[in-house]
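Hello,

Here is the structure we talked about. Please open it alongside this note. My findings follow below.

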Amino acid sequence: MTAQQALFLLFGVITLGAALAVVVGRNLFHTALWLLLVFFGVAGIYVLLEAPFFAAAQLFIYMGAIGILIIFGVMLTRRVMRQPLPRANEQWWLAAIMAVALLGVLAWLAWQQPWTAAAAAVPENSISLLGLALVDPEGFALPFEVASVLLVMALIGAVMIVRER
Amino acid sequence: MVPLNWYLILSAALFCIGMYGVVVRRNAIAILMAIELMLNAVNINLLAFWRYHEPVAATGQAFAAFVYVVAAAEVAVGLALIDAVYRRRRTVDPEEINLLRW
């Protein structure tokens, strides 16, 4: 086992363990903190995938912005925060069976498929290639602008929804 | 190097955990967190395929970036809705928020 594989297993265990704690935990605030640990583990996975931009964005956007936003959400619903979370609904065992079955199918598919073993090296300037592709009219300039408009509209809409009347 | 199917299985596991959370949770914020798990699983998948199949093209990375945008928009609107419902109904239990239910 190479060092990379050992690191993958480490980050994978962190991610999945924290993810399980997110979906079964009874304390909403602790659940939000476990979610931050999931984001951290996924950032480690991105480092192993040689996607440094996404590792950094994961730390800034997910752990920084989205994580803090969710913690704010937890604190704003304070009466809910004080009491333990309600138990999972009556069909939790059915959901668990479905989730395990889906995982079984997906894992079997991923396992038996002969994926290409050796990948080409990531170019040195992969971040600047991404930046150029996002503003290139032949590339993703239009989706990029649409995504920007979507984000602005979502944020304005969020403000409108929570505004005191 | 880590085989590609390790990443795929990790992301499948993360996705299934998130799906379980979305279905069983009885707190809207906890459901939102489980959706975040699923979005992260998708991103792992996109970046893994980018790394192993087309590392020279930026397509995989661009798609992952759009997932980030959608995730940010989803959290902002979702938390705003939850906060608005909480102020009106004093609950975030999706089973009690039944105004639109027939």
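Is Arg26(B) buried, partly exposed or exposed? Arg26(B) is partly exposed, at a relative accessible area of 22% (buried is under 20%, exposed over 50%, partly exposed in between; 1.4 Å probe, protein chains only).

This is a predicted model: local features need pLDDT of at least 70, side-chain atom pairs count only at pLDDT 80 or more, and totals for chains, interfaces and linings use all residues. Residues are numbered from 1 along each chain as written, chains are lettered from A in the order written, and side-chain values use heavy atoms, without hydrogens and water.

**Salt bridges**

Over all chains there are two salt bridges (a side-chain nitrogen of Lys or Arg within 4 Å of a carboxyl oxygen of Asp or Glu). In one, Arg26(B) pairs with Asp93(B), 3.4 Å from N to O. Arg26(B) sits in the loop between α1 and α2 of chain B and Asp93(B) in the segment after α3 (59–89), so the pair ties together parts 67 residues apart in sequence. Asp93(B) is buried, at 8%.

Arg51(B) also pairs with Glu50(A), at 3.0 Å, N to O. That pair crosses between chains. Arg51(B) is buried at 4%; Glu50(A) is partly exposed at 33%.

**Helix packing**

Helix α5 (residues 92–112) of chain A packs on helix α1 (residues 4–24) of chain B. The angle is about 165°, with the axes 9 Å apart. The two are therefore roughly antiparallel (angles over 145 degrees). Contact residues divide into 22 nonpolar, one polar and no charged.

Best wishes

Methods: Axes are lines fitted to C-alpha atoms, for helices over the stretch in contact, and angles run from 0 to 180 degrees between N-to-C directions. Helices (H or I, at least four residues) and strands (E, at least two) are DSSP runs, numbered from the N terminus. Angles under 35 degrees count as roughly parallel, over 145 as roughly antiparallel, 65 to 115 as roughly perpendicular and the rest as oblique. Ala, Val, Leu, Ile, Met, Phe, Trp, Tyr, Cys and Pro count as nonpolar, Asp, Glu, Lys and Arg as charged, and the others, Gly among them, as polar.
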